[in-house]
Amino acid sequence: MARVVFQPSGRTVDVAPGTLIIDAAEAAGVELPANCGGVCACTTCHVWVEAGAETLSAIPEREDDKLQEAAGVRADSRLGCQARVGTGDVVVRIPGNRTGH
Ligand code: FES
């Protein structure tokens, strides 16, 4: 199992390796919208990975391209519908600048 901590709420969940960040968020009771249904077409699932980024699945080119459209994109940005948890612990921050937040 890997532990995922969601900031700023601090909610934490233990998930199996291979779990998508959006699924971990749901399990933790954290709102992380997946407007396109998780097909890498919207960026509402954009997160910053503050720790453990190296343990996540590699960034496919399609995700990298899409990320450039996300508000507040940083070097540690990932799309929650593409990034899968590995075997290490991860700290994820949900950007707070979305409409409706
Ligand atoms: S849910 Fe749309 S890009 Fe991730």
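Because the model is predicted, local features need pLDDT of at least 70 and side-chain atom pairs count only at pLDDT 80 or more, while totals for chains, interfaces and linings use all residues.

**The sheet**

You will find an open sheet of five strands in the order β2-β1-β5-β3-β4, with mixed pairing, where two strands pair if DSSP finds at least two bridges between them. The edge strands are β2 and β4 (77-79), each of which pairs on one side only. Neighbouring strands of this sheet are turned by 35 degrees against each other on average, direction ignored; the axes behind this value are lines fitted to C-alpha atoms, for helices over the stretch in contact, with angles that run from 0 to 180 degrees between N-to-C directions.

Now follow the pairings one by one.

Buried means under 20% relative accessible area, exposed means over 50%, and partly exposed lies in between (1.4 Å probe, protein chains only).

**The helix α1**

Next, select Ile21, Ile22, Ala24, Ala25 and Ala28, which are the buried residues in α1. Seen down the axis of α1, the buried residues fall within an arc of 160 degrees, so they line one face of the helix; the arc is that of the directions from the helix axis to the C-beta atoms. These buried residues pack against β1, β2, β3 and β5, while Glu26 and Ala27, on the other side of α1, are exposed. Just after α1 you reach Gly29, which takes a positive phi of about 75 degrees.

**The core**

Which residues have the most contacts inside the largest nonpolar core? They are Val4, Phe6 and Ile21, in a core of 26 residues, where a nonpolar core is a set of buried Ala, Val, Leu, Ile, Met, Phe, Trp, Tyr and Cys residues joined through side-chain atoms within 4.5 Å. The elements β1, β2 (11-15), α1 (21-28), β3 and β5 each supply at least two residues of this core, and the largest share, five residues, comes from α1. If you select Ile21, its contacts (heavy atoms within 4.5 Å) include Phe6, Leu32, Val47 and Val92, not counting residues up to four places away in sequence.

**Single residues**

Move to His46, which is found in strand β3 (residues 46-51) and is buried, with a relative accessible area of 3%. The side chain of His46 reaches the backbone oxygen of Ala71 at 3.3 Å, a polar contact, which is a pair of N or O atoms within 3.5 Å; within protein, one must be able to donate a hydrogen and the other to accept it, and residues adjacent in sequence count only if both atoms are side-chain atoms.

Then select Thr44, in the loop between α1 and β3, where its side chain reaches the backbone nitrogen of Asn35 at 3.0 Å. Cys40 has its place in the loop between α1 and β3, and its phi is near 65 degrees, a positive value in a residue other than glycine. Thr43 also lies in the loop between α1 and β3, with a positive phi near 90 degrees.

For a last stop, look at Pro8 in the loop between β1 and β2, where the peptide bond from Gln7 to Pro8 is cis, with omega near 10 degrees. For comparison, most residues other than glycine have a negative phi, and most peptide bonds are trans.

Notes:
Residues numbered from 1 in each chain as written. Heavy atoms only, no water. Helix = DSSP H or I, 4+ residues; strand = E, 2+ residues; numbered from the N terminus.
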